[in-house]
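Me: Please place the model here, so that its aromatic contacts may be discussed.

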Amino acid sequence: MIFLKALSISFENRFTSIAFFTIVQALLSTIVAVAIGLVAAFFVAKKDFPLKKILISLSAVPLCIPSLLIALGYVSFFGISGSVNRIFMYVTGNSSPPITFLYSFWGIIICHGFYNFPLVMSTVASNWERLPQEEEQAARLLGANSFKIFKTITIYKLMPSLVSACIPVFLYCFFSFMIVLLFGSIGTTTLEVEIFQLAKVNLDFYSAFRLATAETSIALIFVFAYTFLEQKSSALKGISFSSENSKKEKLNAPEKIIAIAFFATIAIFFLGPLFSIFINGFMTKQKTSILTLTNFIYIFKTASFWHAIKWTVLTSTLAGFFCALTAFLYAIILRKFDRNGKLFIFRIIPIIPMAISSVVTGLILTAFIKKGNFLILVLAQTALNWPIAFRQIFADFSKLKNTTEDAAKLLSKKNSQMIFKIYLPVCKKAFLRSAGLCFALSAGDATLPLVLSIPKFDTLSLYIYRLAGTYKFHQACAAGSILALMCMTVFNLSRKKERN
């Protein structure tokens, strides 16, 4: 009894420590993402400059580039044998790498922050450029400078959209798996990684389920807070965000200095790791190596690569379609039973999956299913990702006027006519857009396939993870380049019709 009690106390202390670390790293990562994203939003919303289109295009990166590839990019760029260390060692003549921050607490924070800042930028910038200018102009006439106007007026008007962007970013960092698994220093871990270790390495399913319950409970608190704040945000937007887009101004001298420093930081900590994936895919371990196709030839010759490609395309296509279809059908249900948005239960259902992580989902499935298969993986990815598709599809549904819908119901003989003649044409672009997004999310997901351990099954993300785990980083970068191109191609094709 004494031993069991001591063991229980030890577990509780360890849980408290891990939970504290998980929340702190997620909060700090969110703060970094907000700090960078707010500066980026200012340049996008208020200024006109040559690199603006490039900055705007970065908003798609967290959506179509999986976190596994971001982690791989940071390893190939800032790692012990990465590009930056090799350059420093070559220039200085030192034999030991000078940059070692990556495999530490701050390595996790920097990677999370820079990976997610485009989400903050896109959300805040779209609202910032539609802020009414009357109060700011009045403040300028009274002698207030730009910083004081921002501090006393603008930031309060941006707060709803800022909070709306922060909660999803926090949850992404809270549930981060691959980045923490690769960068976490000895003795530091998060709830997500610890659950995986307990279940898959130690086979301690009881402790794993206890941690999973605690993790989901903490996440639910933030999810409900997110729902509440979004409702408040929508109410405020209806009053404050009604003016036309303000005219973009040229950068003045101080802003040019800030812009140069900002873009230099983005180039080093965001674009550098991304480009490093592609560059390292064409290099070898030899110090005197030049660009070569050796790594691509190596992976093209392996049967496991083509096996992974086949299953990636199949599972991701099905998952993308089912996510969009589920979101579309739920949007119809919501439109039919809660058109005015008064029933809270209908609004909370698409939010709940945000509180359940990939590792917990896989853990629950393995408890009930002895052997997983690719269909189980597709259904699990659909259950996790359909709310993302729903947010996009329902946004287009909201544009449908009640009078138009009521008139169509009177003229339609069957309910199916409403679906194919009204609902589907209204959200067709959003359907394709969300299917492409969910394809990218599924293709880049190494966590669920890793947890499910499906026999005779592989995906490109798992293939990359195994290459990186056996220190074949250049081959991993080559495979990562292919995965990135696949995700970006599908992502862009799903938006091609919308742009046209």
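The questions below concern aromatic pairs.

Reply: This is a predicted model, in which local features need pLDDT of at least 70, side-chain atom pairs count only at pLDDT 80 or more, and totals for chains, interfaces and linings use all residues. Residues are numbered from 1 along each chain as its sequence is written, and side-chain values use heavy atoms, with hydrogens and water left out.

Me: How many aromatic pairs does the structure hold?

Reply: Rings of Phe, Tyr and Trp (its six-membered ring) pair if their centres lie within 6.5 Å; planes under 30 degrees apart count as stacked, over 60 as edge-to-face and the rest as tilted. The number of aromatic pairs in the structure is 31.

Me: What is the geometry of the pair Phe 282 and Phe 296?

Reply: The ring centres of Phe 282 and Phe 296 are 4.8 Å apart. Their planes meet at 40°, so the pair is tilted.

Me: Is Phe 296 buried or exposed?

Reply: Buried means under 20% relative accessible area, exposed over 50%, and partly exposed in between (1.4 Å probe, protein chains only). The relative accessibility of Phe 296 is 11%, so Phe 296 counts as buried.

Me: What is the relative accessible area of Phe 300?

Reply: Phe 300 pairs with Phe 296, their centres being 6.3 Å apart and their planes at 50°. Phe 300 is partly exposed, and its relative accessible area is 39%.
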